Amino acid sequence: MLITHDTRCALDTVVDLVNTAPEDDATPDGLPDVAALEVFVQKHEVSEVGVLTELDLAAVRKIRGRFAAVFAAPDARSAAGLINELIAAAGTTPRLTDHDGYDWHVHYFAPGASVADHLAADCGMALAFFVVAGEQERLRRCEAPDCRHAFVDLSRNRSRRYCDSRTCGNRLHVAAYRARRKEAAG
Ligand SMILES: [Zn+2]
Ligand SMILES: [Zn+2]
C-alpha cells in the first residue's frame with residue numbers, strides 16, 4: 001500500500017501517543033502535564049494548535065484511550081467502528097496541501113481544530129486507510145507480556161510480533177533460552 005509522508009507521520013504520532021499511556025497504576029503517565037503535551041506536539045509537528053491548556057490535555061488523554069482500543073481491536077469491523085467514532089467526533093475538513101515542499105496530500109483536521117480533534121481526524125484517517133487497504137492486522141500490540149506497546153507492522157510479510165525486536169524480541173528469546181538451559185540441566 002502507498003504510505004505518504006503524512007500518513008507515515010500520523011502513524012508515528014498515534015503510536016507514540018498510545019504508548020504514553022501508563023501500563024498500570026505503578027507506571028507514570030507519559031503525558032503528565034500540559035508541558036509534556038507541548039513537547040509531544042512539537043516533536044510530531046502537530047500544526048495550528050495554538051496555546052495548549054488543561055482541557056487539551058484531558059481531551060488528548062481521552063482520545064489516546066480510544067486509539068489504544070483501535071490497536072487492540074480483534075478484527076477490521078471493530079476497528080472500523082472505533083475509527084468512525086473518533087473521526088465523527090473530531091469533524092473533518094479534507095483539503096489538499098503541498099506545505100513545506102511535500103507533494104500534494106490531504107489534511108483532514110478542521111481549521112482551528114483543537115489538538116485532540118486534530119489528532120483524532122488526521123491519525124484516525126491514517127488508520128482508516130489501513131482498514132480500507134485490508135491491512136488492519138498491521139495495527140498491533142507488542143506480544144511481550146510485560147510490554148503491550150502499540151506499533152504498526154510495516155514488514156513485508158506482516159510477521160513482526162514485538163514493538164522493538166532489539167529489546168522486547170531479544171528479552172523473550174533470552175528468557176526462552178535460559179528456560180531451555182535450565183530444563184536441560186535439571
Ligand atoms: Zn501535511
Ligand atoms: Zn514491546
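**Salt bridges, rings and a metal site**

Trainee: What is the relative accessible area of Arg158?
Mentor: Buried means under 20% relative accessible area, exposed over 50%, and partly exposed in between (1.4 Å probe, protein chains only). Arg158 is partly exposed because its relative accessible area is 28%.

Trainee: What kind of model is this?
Mentor: Residues are numbered from 1 along each chain as its sequence is written, chains are lettered from A and ligands numbered from 1 in the order in which they are written, and side-chain values use heavy atoms, leaving out hydrogens and water. Local features need pLDDT of at least 70, side-chain atom pairs count only at pLDDT 80 or more, and totals for chains, interfaces and linings use all residues, for the model is predicted.

Trainee: Which residue forms a salt bridge with Arg158 at 3.0 Å?
Mentor: A salt bridge is a side-chain nitrogen of Lys or Arg within 4 Å of a carboxyl oxygen of Asp or Glu. The closest N and O atoms of the bridge are 3.0 Å apart, and the partner of Arg158 is Glu135.

Trainee: How many residues apart are Arg158 and Glu135?
Mentor: Helices (H or I, at least four residues) and strands (E, at least two) are DSSP runs, numbered from the N terminus. Arg158 lies in the loop between strand E4 and helix H6, and Glu135 in the loop between H5 and strand E3; they are apart by 23 residues.

Trainee: What is the arrangement of the four donor atoms around the zinc ion (ligand 2)?
Mentor: Donors are N, O and S atoms within 2.8 Å of the metal (3.2 Å for Na, K and Ca). Here they are the SG atoms of Cys142, Cys147, Cys163 and Cys168, at 2.2 to 2.3 Å. Four donors count as tetrahedral if all angles lie between 85 and 135 degrees. Since the angles are 105 to 117°, the arrangement is tetrahedral.

Trainee: Why is Cys142 counted as buried?
Mentor: Cys147 also counts as buried, because its relative accessibility is 6%. Cys142 counts as buried because its relative accessibility is 0%.

Trainee: Over the face of which residue does Arg95 lie?
Mentor: A charge sits over a ring if NZ of Lys or CZ of Arg is within 6 Å of the ring centre and within 35 degrees of the ring normal. Arg95 lies at 4.8 Å from the ring centre of Phe109.

Methods. Tetrahedral: all angles 85-135°; square planar, octahedral: opposite > 155°, others 65-115°.
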